[in-house]
Amino acid sequence: MFNLIVAVISIALVAALAAASIYYGGTAFSSSTADAAAATLVNNGQQLSGAQQLWMIDNSGNRNVDADLSDLTTGAYLAAMPTPPSSASGTWALDADAATPGTIASITLGAGTSNTEICEAVVDQGGGTAVFADIAALEASDAQFGCVTNATTATDVDFAYKL
């Protein structure tokens, strides 16, 4: 009988600790997810930038790879396109709104709370502005990357990286 009482008390304590960690640690878990997604996006941008630099060396300084960046995967520059975080709703592509073609790659994150948190984490990592109004604002800034309002939907946000 004593063993049964000890077992019930142990189970109750473990359940209380689990509930407390979820209640008090929930924001830490969600902010870590946003930080990881932002780091993934920045890393993806660095991979694309490096691959484009190699492509330019082999192609006499020509910066204009295909808009969907497929030139980087058909050569020996990338084994595959970098995998974006699960919150991204698009694929990596060169941004058509850039003043200089081939200078900015972007991916649509979509709208929603989790993507807002990702953009906040991007701003924290980049030390830059909040969401840029358009690609031209990012191009004019000193920032290497940032979140940009989507030109098509105006509700979605894109992550953009200067190549």
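This is a predicted model: local features need pLDDT of at least 70, side-chain atom pairs count only at pLDDT 80 or more; totals for chains, interfaces and linings use all residues.
**View 1. The largest pocket and the residues around its centre.** This one has a volume of about 220 Å³. Its lining is made of 17 residues, and those nearest the centre are D95, D97, S106, N150 and D158. Sorted by type, the lining comes out as 7 nonpolar, 6 polar and 4 charged residues.

**View 2. The strands that line the largest pocket.** Which strands each supply at least two residues of the lining? They are strand 1 (93-94), strand 2 (104-110) and strand 3 (145-149). Strand 2 gives the largest share, with 3 residues.

**View 3. A nonpolar surface patch that includes V8.** V8, for one, sits in helix 1, which covers residues 2-58.

**View 4. L69, a non-glycine residue with a positive phi.** Most residues other than glycine have a negative phi. Where is L69 found? Look in the loop between helix 1 and helix 2 (70-74). Is L69 buried or exposed? With a relative accessible area of 1%, L69 falls under the 20% cut-off, so it counts as buried.

How values were computed
Residues are numbered from 1 along each chain as its sequence is written. Side-chain values use heavy atoms; hydrogens and water are left out. On a 1 Å grid over the protein atoms alone, a cavity is a set of points where a 1.4 Å probe fits but cannot get out, and a pocket is an open set with protein on both sides within 12 Å along at least five of seven lines; lining residues have an atom within 4 Å of a point. Grid points are joined across faces, edges and corners, and a volume is the space filled by probe spheres set on the points. Helices (H or I, at least four residues) and strands (E, at least two) are DSSP runs, numbered from the N terminus. Ala, Val, Leu, Ile, Met, Phe, Trp, Tyr, Cys and Pro count as nonpolar, Asp, Glu, Lys and Arg as charged, and the others, Gly among them, as polar. Patches are made of residues with over 30% relative accessible area and no salt bridge: like charges are joined within 9 Å, nonpolar side chains (Val, Leu, Ile, Met, Phe, Trp, Tyr) within 5 Å. Accessible areas come from the Shrake-Rupley method with a 1.4 Å probe; for residues, only the protein chains shown count as cover. A salt bridge is a side-chain nitrogen of Lys or Arg within 4 Å of a carboxyl oxygen of Asp or Glu. Buried means under 20% relative accessible area, exposed over 50%, partly exposed in between (1.4 Å probe, protein chains only).
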